[in-house]
Amino acid sequence: MKKLKKLIIVAGMIVSITAFSNMDKAEASTTRTVQKGETYWNIAKGFGVPVDTLMNANNKKPLIAGQTMILPNSPISAADKDLMARLVRAEAVGEPYAGKVAVATVILNRLKHPDFPNTIRGVIYQIDGGHYAFTPVANGQINKAADNDSKRAVNEAIALMGKGNGSLYFYNPKTSSSKWILSRPVTVKIGNHVFAK
């Protein structure tokens, strides 16, 4: 019996080590060479890494072209970035780019808030009061591929993570019929959307 327990433990460790070593290489911490004119902000929003995390990983040293820098893990997986970008496209089609970033930021703010699920998928597919939190999930628009602006907006929202005014909701006042949402404190208005917390 003891041998069987040891065999099960060893097998579990091997599976764990294999799973860890097979992580998505795009999400792994790497080094890269700084290009002329790059800033922490440009790099952070290009790779979808919080700018504070990027700066701290490099001891906030000035960036000099040709030097090697650390590019830390993105806190959001490639699959979750894609899901976010598809929701951003569906929710903010025709809205200004800043509005797309703000929609992605709402998702990230909900992720950190105790009143919402603690995964991107959970936030996006949340059902509350018998209804999906986001209309594109209910009508299937979330299943359409994201455009480049929506993908860039997600990366920029991740770069901004921890900054901003804490928006947890957004709505179009011309089409919203919820009295509750209209009672929420407004944080910003962008295009046709009002953002609130």
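1. Is phenylalanine 170 buried or exposed? Phenylalanine 170 is buried, with a relative accessible area of 13%. Buried means under 20% relative accessible area, exposed over 50%, and partly exposed in between (1.4 Å probe, protein chains only).

2. This is a predicted model, in which local features need pLDDT of at least 70, side-chain atom pairs count only at pLDDT 80 or more, and totals for chains, interfaces and linings use all residues. Residues are numbered from 1 along each chain as its sequence is written, and side-chain values use heavy atoms, with hydrogens and water left out.

3. The protein has 9 helices and 7 strands; helices (H or I, at least four residues) and strands (E, at least two) are DSSP runs, numbered from the N terminus. Of its 197 residues, 37% count as buried.

4. The largest nonpolar core has 30 residues, and Ile76, Met84, Leu108, Ile120 and Ile124 have the most contacts inside it. A nonpolar core is a set of buried Ala, Val, Leu, Ile, Met, Phe, Trp, Tyr and Cys residues joined through side-chain atoms within 4.5 Å. Two or more residues come from each of helix 4 (78–92), helix 5 (97–112), helix 6 (120–124) and helix 8 (148–159). Helix 5 gives the most, with 8 residues.

5. Not counting residues up to four places away in sequence, isoleucine 124 touches Leu83, Met84, Leu87, Ile107, Phe134, Val137 and Ile142. Contact here means heavy atoms within 4.5 Å. A second, separate core of 10 residues includes Tyr40, Ile43, Ala44 and Val49.

6. In helix 2 (residues 40–47), Tyr40, Ile43 and Ala44 are buried. They cover an arc of only 100 degrees around the axis, which puts them on the same side of helix 2; the arc is that of the directions from the helix axis to the C-beta atoms. The buried residues of helix 2 pack against strand 1 (30–33), helix 3 (51–57), strand 2 (68–71) and helix 8. Just after helix 2, glycine 48 takes a positive phi of about 70 degrees.

7. There are 4 aromatic pairs, counted when rings of Phe, Tyr and Trp (its six-membered ring) have centres within 6.5 Å; planes under 30 degrees apart count as stacked, over 60 as edge-to-face and the rest as tilted. Tyrosine 169 and tryptophan 180 have ring centres 5.1 Å apart and planes at 85 degrees, so the pair is edge-to-face. Phe116, Tyr169 and Trp180 form one aromatic cluster.

8. Phenylalanine 170 and phenylalanine 195 form a tilted pair, 5.7 Å centre to centre with 35 degrees between the planes. Phenylalanine 195 is buried at 0% relative accessibility.
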